[in-house]
Amino acid sequence: MYCILVTGIPAAGKTTMAEYLSERMKLPVFSKDTVKELLYDQVGFRSRKEKVRLGIASMEMIYYGAKQLMKVGQPFILENNFENISKEGIMTLLKEYQYPALTITLTGDYKAIYERFLERNISPLRHRGHVVNDCYPEEQKHSVEELRAVSLSYEDYLYGIENRGFDTFSAGDRQLIVDTTDFSKVDMEQIFSQVMEWSNRL
C-alpha cells in the first residue's frame, strides 16, 4: 500500500504526469481538476466565491476517495496543485492509515511555465470552468483577446507560488522534484523507474 502525490506550480504538467504514471502502474488517479469540471458541468457557479467553494468541495471529494482506498490498503495517485493549506488534510490521512507517500513536485523556470499557463487559458480545449471566474456556464463567450486581458498577471502568478507553497509542498517520506520547463525533455521513463524503485522497497 502506498500513494503518489503529483503536485507543482500551475501549468507544469501535473495531469500529464499523473495520467502517465496511472497508465504505466495500473493505478487509479484522482484529479481535483477533473472533479471540479464535473461539478462545474452539473452545478456551475455564479460568482468567484461560488467557484472557490466548488474547488474546496473538489478537494474534499478526492480526499474522500483517498480515504476509501486507504481503508482497503490499495495504492493510488492523487493529482492537485497541493499547497500549504492542503497539507493538514493529507497528512492526517497518511498518519491515520500509516500510508507511505511519494510526492512528485513539478516546477521549473517560472516565466517559461507562466507563458504555458497563458496559452492553456486561451486554448479552446481548456475547460471553461477553469478559465472564467464570474459565471459558468457563461452567459457570453469571451474572445481570446478578452481572456488574455483578464488572465492572471505574472506578478500574481509568482505571488501564488511563493505564498501558497505550490512547489515546496511535500508529504510523506520521499520527494522527487522534476523540472518541466520544457516538458518534451522530461525523461518519463526515468521517473517511472524511480517511482517503481521506491514502491518496490516498501
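Visitor: Why is serine 31 called buried?

Guide: Serine 31 has a relative accessible area of 10%, and buried means under 20%, exposed over 50% and partly exposed in between, with a 1.4 Å probe and protein chains only. Serine 31 therefore counts as buried. Before we go on, this is a predicted model in which local features need pLDDT of at least 70 and side-chain atom pairs count only at pLDDT 80 or more, while totals for chains, interfaces and linings use all residues. Residues are numbered from 1 along each chain as its sequence is written, and side-chain values use heavy atoms, with hydrogens and water left out.

Visitor: Where is serine 31 found, and what does it touch?

Guide: Serine 31 is in strand S2, residues 29–31; helices (H or I, at least four residues) and strands (E, at least two) are DSSP runs numbered from the N terminus. Leaving out residues up to four places away in sequence, serine 31 touches Ile62 and Glu79, where contact means heavy atoms within 4.5 Å.

Visitor: What makes strand S4 largely enclosed?

Guide: In S4 (residues 101–107), 7 of the 7 residues are buried, so the rest of the structure largely encloses this strand. In a regular strand, side chains alternate between the two faces of the sheet. Here Ala101, Thr103, Thr105 and Thr107 point one way, Leu102, Ile104 and Leu106 point the other way, and all are buried.

Visitor: Why are S4 and strand S5 called paired?

Guide: Two strands pair if DSSP finds at least two bridges between them. S4 and S5 (residues 174–179) have 6 bridges in the parallel sense, so by that rule they pair. Threonine 103 stands opposite glutamine 175 in S5. S1 and S4 also run parallel, joined by 6 bridges, and glycine 8 has leucine 106 as its bridge partner in S4.

Visitor: What makes glutamate 189 and arginine 24 a salt bridge?

Guide: The rule asks for a side-chain nitrogen of Lys or Arg within 4 Å of a carboxyl oxygen of Asp or Glu. The closest N and O atoms of glutamate 189 and arginine 24 are 2.2 Å apart, so the pair qualifies. Glutamate 189 lies in helix H9 (residues 188–200) and arginine 24 in helix H1 (residues 14–25), so this bridge ties together parts 165 residues apart in sequence. By the rule, the count comes to 5 salt bridges.

Visitor: Is glutamate 83 buried or exposed, and which residue does its side chain meet in a salt bridge?

Guide: Glutamate 83 has a relative accessible area of 10%, so glutamate 83 is buried. Its side chain meets arginine 164 in a salt bridge at 2.8 Å, N to O. This pair links glutamate 83, in the loop between S3 and H4, with arginine 164 in helix H8 (residues 154–164), 81 residues apart. Arginine 164, at 38%, is partly exposed.
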